[in-house]
Each structure stands twice: as structure tokens, then as C-alpha cells.
Amino acid sequence: MRASTLFRRRLAAEWGYQWGVMKTVLDWTIVVYLVIPVMIAAPFVYADMWEHSGLYWSGRLPFTILFVLILLVTAGGNFRAYLMEADLLYLLQKKKLLIPFKRLGFLYSAAGSVIGVLAAGVITLPLFAGVYGMKAVEVLPLLAAALAVKLVFMTVKKFTSKGAVIFSVFVLLTAGAVLMVTNAAPALVGVFSLFIAAAVVFYHLKQMPSSDRWFMKEIEIENREKVRYIKLILTYSMEVEKEPVNQRNRPLLMFRGSKRIFKGERSKEYGLLELVVKGFLRRNYLTLYIQMFLLTMSAVIVLPIWLKWLVFAGFALFIQSWLKSLFKKMLDSPFFSVVPYDKKLEDPVWGRFRKLFAFPVIGLAGMAVVIFTVIGLIV
């Protein structure tokens with residue numbers, strides 16, 4: 001069997017598997033009411049971006065913010081080898097078949113990276129052109145830098161799976177790319193970025209004949225990539241319970257000594273409120289709470305005036321609904337079946353819980369919307 005034939009079979013099997021996963025989500029109602037309308041509206045929205053780019057991006061922001069967003073969007077993915085565990089028994093011993101097979105997988109992944117970066121550039125080109133007055137020739141060096149960052153980042157992810165290392169490398173690569181595109185001439189940025197990208201490709205092709213020690217790592221990457229859409233579906237599925245796992249005996253930061261919060265109040269209402277507040281602060285809910293607030297504030301700063309108010313209204317409704325669902329979930333905890341509480345306390349405790357966590361962030365977001373609206377009208 002030729003390597004190209006085996007690669008085509010593996011690639012077809014991968015496409016078939018991923019399509020089967022997507023079909024579990026894309027039933028006819030989703031296709032008719034969401035996918036088709038989005039496909040029809042996308043060209044009109046893109047044309048409107050060329051005509052009214054100021055509605056989609058603020059010119060007060062530096063173009064490097066848009067460049068960083070491209071880096072974030074294109075940072076995903078891995079170099080694929082399309083290997084299987086069964087290849088340990090046969091393919092690993094056939095160097096003449098294994099090496100060209102892995103080379104095809106690598107080149108396919110690299111080509112996919114190029115296409116992804118170019119697609120991001122085409123989508124954001126109306127913003128670069130309309131808001132910053134940049135021509136396509138001036139945007140190409142930015143895309144070359146984004147491609148170089150992506151290929152280097154994918155190389156790092158191939159050799160390590162430590163989250164702290166991966167995050168640190170991405171921050172350093174992003175900072176270096178931003179400094180380069182803001183301080184160097186566009187032509188120099190493009191040439192240097194393409195040189196880095198070519199060096200990464202040459203390195204992988206050069207070391208491929210002696211890369212047997214990474215065989216298990218490549219299989220691990222394949223297993224992760226194969227279930228990436230399944231994990232995405234499960235992450236955002238409201239029907240699937242995703243309980244955070246915590247194996248610590250004591251909380252890491254919040255109330256390690258389990259001290260009282262409301263020291264001046266000794267009523268049952270405040271007792272129940274204290275249990276719920278501690279449960280909220282000790283779990284991953286607090287992280288999501290902060291992330292949603294920061295995301296909303298970022299949108300308020302970046303988006304045009306009419307979208308600021310729309311985002312604020314959506315955030316005010318969503319945060320209360322989300323906190324209400326968490327509140328009910330915490331009250332349904334098995335703990336309260338052992339230590340029951342008066343059901344009449346739910347409404348007043350929910351009111352106080354909402355005042356503690358919903359009203360402050362809604363108020364801050366509202367103040368930000370008003371301030372940036374006034375600034376936008378004055379400027």
C-alpha cells in the first residue's frame with residue numbers, strides 16, 4: 001500500500017467520523033432555522049462591513065487589538081499525524097511507509113493553518129481597510145506574523161501538554177508579534193515571519209525520520225483531536241451536567257477556616273444565605289462570574305454605541321437568570337437533605353443573593369455604558 005492511499009483513507013475516515021458527530025447536533029430544525037439563515041445573511045453582513053465598518057469596530061482602538069484577536073482565533077489546532085494505536089504493531093516498523101504518511105499529515109495540517117489564517121484575514125480585511133485605512137498589501141505582513149505565531153505555537157503544543165507552559169508561550173509569542181508589527185517596517189515583518197514559518201516547516205520535515213520517540217505523543221494528540229467536537233458539544237450542552245471536580249479537603253482561598261460572613265446577624269435567613277454565598281465563592285462559579293463580567297466590559301468598550309446598550313441589556317437579563325439557576329442548584333444539594341431548611345426562606349434569600357452578586361456587576365456595566373456612550377457622542 002502507498003502512503004498517499006493510506007492517508008486518503010485515514011482522512012476520509014476522519015471526515016466521516018466528524019460529520020457523524022456534527023449530525024447529532026445539526027438536526028433539520030437547526031439547519032432550517034439557524035444554519036441556512038446564517039449562510040444567507042453572511043454575504044450581506046460582510047458587504048455591510050465594507051460600507052459601514054465603523055459599526056463593527058471602533059477606530060479609537062489600535063489595530064494591534066484586532067491583530068491580537070486574529071492570533072487568539074487562529075491559535076487552536078495541532079499538527080496531525082493521523083496515527084492509530086494499532087500502528088504500533090505494523091506501521092512503526094515500516095519506515096518507507098510511515099515517514100511519507102506522517103509527512104502528508106503534517107503538510108495537510110500546515111496547509112489548514114495557512115487557510116485558517118487567510119480566512120481570518122479576509123473576514124477582518126473590511127475592518128483594517130475601513131477603520132484604519134490599510135490596504136490588502138499592508139495586511140499581508142500581519143497575516144504572515146499570525147501564521148508564524150500559529151506554527152511555532154503548534155510546535156510547542158506537540159512537545160508539551162502542560163497548561164502553564166502553553167499559556168506562557170502563547171503570551172510571549174503574542175507580545176513578540178505585537179512588538180514586531182508595531183516597530184518594524186511591514187516588508188521586514190512579512191519577510192521575517194515567512195522565514196520563521198518556513199523554518200518551522202523545514203524543522204518538522206527534517207526531524208521526521210528520527211521522530212519515533214514522539215509516536216505515543218502523536219497518538220495522544222490524535223485522540224484529543226478526534227473528540228474535539230464531542231468535547232465542544234458537551235461543554236455547551238445545557239442538558240449535560242458538568243460538575244466541577246475539587247479533591248481538596250479545604251478551599252484554596254475562600255473561607256479556609258469556615259468563618260462566618262454575617263457576624264452581626266444570627267437569623268435562619270442569613271444562615272442559609274451564608275451557606276449559599278460560600279458555596280458560590282468556593283466553586284468554579286466565581287471564575288465564570290468574573291469572566292462574563294470582563295467579557296461584557298470588553299464588549300462595552302469596543303462595540304459601537306447601539307451595540308453597547310444591546311449587550312448591556314442582554315447581560316443584565318442573563319446574569320440574573322444564570323445566578324437564579326445556580327441558586328436553585330445549590331439549594332438542591334444533598335447537603336440540604338441532611339440539614340433541611342425552611343422552604344419559605346428561598347425568596348428572601350434569593351433577593352439578598354441577587355443584591356450581592358447581580359446588582360453590583362449590572363451597575364458597573366451600566367455606568368461603563370453611560371460613560372462610553374457620552375465619550376462616543378462627544379468625540
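First, the ground rules. Residues are numbered from 1 along each chain as its sequence is written, and side-chain values use heavy atoms, with hydrogens and water left out. Because the model is predicted, local features need pLDDT of at least 70 and side-chain atom pairs count only at pLDDT 80 or more, while totals for chains, interfaces and linings use all residues.

Let's start with the whole chain. The protein chain has 14 helices and zero strands. Here, helices (H or I, at least four residues) and strands (E, at least two) are DSSP runs, numbered from the N terminus. Of the 379 residues, 38% are buried. Buried means under 20% relative accessible area, exposed means over 50%, and partly exposed lies in between, using a 1.4 Å probe and protein chains only. Now contacts, meaning heavy atoms within 4.5 Å. Take the contacts with a separation of 6 or more: residues 24 or more positions apart account for 80% of them.

Next, the cores. In soluble globular proteins, nonpolar side chains tend to be buried together. A nonpolar core is a set of buried Ala, Val, Leu, Ile, Met, Phe, Trp, Tyr and Cys residues joined through side-chain atoms within 4.5 Å. Which members of the largest core touch the most others? They are F67, L71 and F128, out of 39 residues. Helices α3 (63-73), α4, α5 (136-159), α6 (163-183) and α7 each supply at least two residues of this core. Helix α5 gives the most, with 11 residues. Apart from this core lies another, of 36 residues, with V276, F293, A316 and V349 among them.

Let's zoom in on two residues. Leaving aside neighbours within four places in sequence, L71 is in contact with A146, V149, F170, T174 and A177. A177 lies in helix α6. A177 is buried, at 4% relative accessible area. A177 and A146 are 31 residues apart along the chain, yet their C-alpha atoms are separated by 7.8 Å.

Now two helices. Expected span is 1.5 Å times one less than the number of residues. For the 15 residues of α10 (268-282), that gives 21 Å, and the end C-alpha atoms are 21 Å apart, which agrees. Buried residues in α10 include Y270, L273, V276, V277 and F280. Helix α11 has 18 residues (285-302), should span 26 Å, and has its end C-alpha atoms 26 Å apart, so that agrees too. Buried residues here include Y285, Y289, M292, F293 and T296. What covers the buried residues of α11? Among the answers are α10, α12 (305-331) and α14 (346-378).

On to empty space. Rolling a probe the size of a water molecule over the atoms shows where empty space is left. On a 1 Å grid over the protein atoms alone, a cavity is a set of points where a 1.4 Å probe fits but cannot get out, and lining residues have an atom within 4 Å of a point. Grid points are joined across faces, edges and corners, and a volume is the space filled by probe spheres set on the points. How many cavities of 30 Å³ or more does the search find? One. The largest cavity holds about 80 Å³. Its lining includes F79, R80, K102, H204 and E218. Helices α4 (95-132) and α7 (186-207) each supply at least two lining residues. The lining divides into four nonpolar, two polar and four charged residues.

Last stop: Y82. Most residues other than glycine have a negative phi, and most peptide bonds are trans. Y82 has a positive phi, near 55°. Y82 sits in the loop between α3 and α4. Is Y82 buried or exposed? Y82 is buried, with a relative accessible area of 6%.

Definitions and conventions. On a 1 Å grid over the protein atoms alone, a cavity is a set of points where a 1.4 Å probe fits but cannot get out, and a pocket is an open set with protein on both sides within 12 Å along at least five of seven lines; lining residues have an atom within 4 Å of a point. Ala, Val, Leu, Ile, Met, Phe, Trp, Tyr, Cys and Pro count as nonpolar, Asp, Glu, Lys and Arg as charged, and the others, Gly among them, as polar.
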